[in-house]
Amino acid sequence: MAKKFLLKLLVVVATITLVAVGCGNDDDDAAPEPAPTQAPAPAEEPMDDEPMEEESMEEEPMEEEPMEEEPMDDEVIAAFVFVGPVGDAGWTWAHDQGRRYAENATGATTLFVESVPEVAEDFRAVVVDFIENEGADVIFATSFGYMDPMEELAGEYPDVVFEHASGFKMNETNFGNYFGRMYQPRYLSGMAAGALTEANQIGYVAAFPIPEVLRGINAFTLGAQRVNPDVEVHVTWTFTWFDPAVEGDSAAALIEAGADVIAMHQDSTAPGLAAQEAGARWVSYNSDMSAFAPDAFITAPVWNWGPYYERIINAVAGGTYSPGSYWGGMDDEIVALAPLALDVPADVAADIDAVAASMVDGSWDVFTGEIRDQDGNVVVAAGETLDDGSMLGMSYFVEGVVGNASP
């Protein structure tokens, strides 16, 4: 991981090049950045969409920065591969806030490329460039579809650390995975939605039928049924993580079919905008998106990636990195619930607080039985709680979900 002093200059030039790449992907449909999340995200984080601060050659001339004052051996270059635009107000925005947080906390140099397709060749090209041309020491890849090519690259570059969000593969030396128990705040958000629906029909705009998404839909449904046993959750698949037009149209169709609350596992604000236009309510995802559709907004399950990124970068810098399979919950504050709308009933809000406390102290978790699937089969016996392996491989819908879990 040692670097020659000349690398400092090369990183500066490469960083400026990456700024051009990142900013060249403007999308007219991408939402502007939201107000800061109410989850435990640091208030001092910059909220603009600029990929990174550029270093000034005049302010940092080579002759004024002796190596003994800032040894290059201690500097980590961390590179992030994002599946969407950093201005999506959702998944990628949350990861980028984590990147900024970690950069500020560790002093590391961070780089990123946004909107990289989940195609092996595209992913490989970006990562190889980060390693061979930018000198990256650690690669963070933030979408499920990057998992297999990342595993191959970890074998090819044993001196580089690879960390993959939402996957399950790892090795014993330089390749780990990380995620959060988002199903926990999903359940809490379902409680709020179940209290506010008048039609007892909630629409759910969902990206792909993979265990992560199925788990979230099921948790949300169980939470809604806790306060409203008559509620149904109707699921529409979009087969995209980020496409505002498709997301908005899907939400509108669900509302037209009778839903008066919209939930989502998507990355844009479009479902919320559709809900507000129709006079419906909305549970967002990834961040507190209340500023975009304030009349519709109920709450949101949100991410706080910064502390994890800080921890990994510090481990790389200190030579103590060891790959693991991290799945943190509300107790770690990697996931949280955004503030509730003022019209959520006080007794429901109090119950939400109590359930959240039980998740944090470990006395209760979401998939505790008895739970039945759509066909009435018992999938979790009374008094039992699903283990992590069963949750990570979830392939069914619970009772109360209307839709196909394997379309």
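What follows is a conversation about this predicted model, taken topic by topic.

Visitor: How many helices and strands does the protein chain have, and what percentage of its 407 residues is buried?
Guide: The model is predicted, and in it the protein chain has 11 helices and 16 strands. Among contacts between residues at least 6 apart in sequence, 70% join residues at least 24 apart. Of the 407 residues in the protein chain, the buried ones make up 56%.

Visitor: Where does Glu212 lie, and which side chain of opposite charge is nearest to Glu212?
Guide: Glu212 belongs to helix H6, which covers residues 211-227. Setting aside residues up to four places away in sequence, Glu212 touches Ser166, Phe179, His265 and Tyr285. Glu212 is buried and has no salt bridge, because a salt bridge needs the nitrogen within 4 Å of the carboxyl oxygen. The nearest side chain of opposite charge is 5.9 Å away, and it belongs to Arg215.

Visitor: What is the volume of the second largest pocket, and which residues lie nearest its centre?
Guide: The second largest pocket has a volume of about 270 Å³, and the elements that give two or more residues to its lining are strand E5 (175-180), H6, strand E12 (325-328) and helix H11 (388-392). Its lining consists of 15 residues, and those nearest the centre are Ser166, Gly167, Phe168, Arg215 and Leu392.

Visitor: Which residues are linked with Asp96 in a network of salt bridges?
Guide: The side chains of Asp96 and Arg99 meet in a salt bridge with an N to O distance of 2.7 Å. Because Asp96 and Arg99 are three residues apart in helix H2 (residues 91-106), about one helical turn separates them. Asp96 is buried, with a relative accessible area of 1%, and Arg99 likewise counts as buried at 1% relative accessibility. The network of salt bridges links Asp96 with Arg99 and Arg100.

Visitor: How far apart in sequence are the parts that the pair Glu151 and Lys169 ties together?
Guide: Glu151 forms a salt bridge with Lys169, and their closest N and O atoms are 3.3 Å apart. Glu151 lies in helix H4 (residues 147-156) and Lys169 in the loop between strand E4 (161-165) and E5, so the pair ties together parts that are 18 residues apart in sequence.

Visitor: Is Glu151 buried or partly exposed, and what is the relative accessibility of Lys169?
Guide: The cut-off matters here, because buried means under 20% relative accessible area and exposed means over 50%. Glu151 has 34% relative accessibility and so counts as partly exposed. Lys169 also counts as partly exposed, and its relative accessibility is 24%.

Visitor: Which residue is joined to Glu370 by a cis peptide bond, and what is omega there?
Guide: Glu370 lies in the loop between H10 and strand E14 (371-372), and its side chain meets that of Arg372 in a salt bridge of 3.2 Å, N to O. Most peptide bonds are trans. The bond that joins Glu370 to Gly369 is cis, and its omega is about 20°.

Visitor: What is phi of Asn200, and what is phi of Glu333?
Guide: Most residues other than glycine have a negative phi. Asn200 is found in the loop between helix H5 (183-196) and strand E6 (201-206), whereas Glu333 is placed in the loop between E12 and strand E13 (335-337). Both values are positive in residues other than glycine: phi of Asn200 is near 60°, and phi of Glu333 is near 65°.

Visitor: What distance separates the C-alpha atoms of Ser358 and Asp331?
Guide: Ser358 lies in helix H10 (residues 346-361) and is buried, with a relative accessible area of 14%. Leaving aside neighbours within four places in sequence, Ser358 is in contact with Ser363 and Trp364. Asp331 is 27 residues from Ser358 along the chain, and the separation of their C-alpha atoms is 9.8 Å.

Conventions
Residues are numbered from 1 along each chain as its sequence is written. This is a predicted model: local features need pLDDT of at least 70, side-chain atom pairs count only at pLDDT 80 or more; totals for chains, interfaces and linings use all residues. Side-chain values use heavy atoms; hydrogens and water are left out. Helices (H or I, at least four residues) and strands (E, at least two) are DSSP runs, numbered from the N terminus. Buried means under 20% relative accessible area, exposed over 50%, partly exposed in between (1.4 Å probe, protein chains only). Lys and Arg count as positive and Asp and Glu as negative; His and the chain ends are not counted. Contact means heavy atoms within 4.5 Å. On a 1 Å grid over the protein atoms alone, a cavity is a set of points where a 1.4 Å probe fits but cannot get out, and a pocket is an open set with protein on both sides within 12 Å along at least five of seven lines; lining residues have an atom within 4 Å of a point. Grid points are joined across faces, edges and corners, and a volume is the space filled by probe spheres set on the points.
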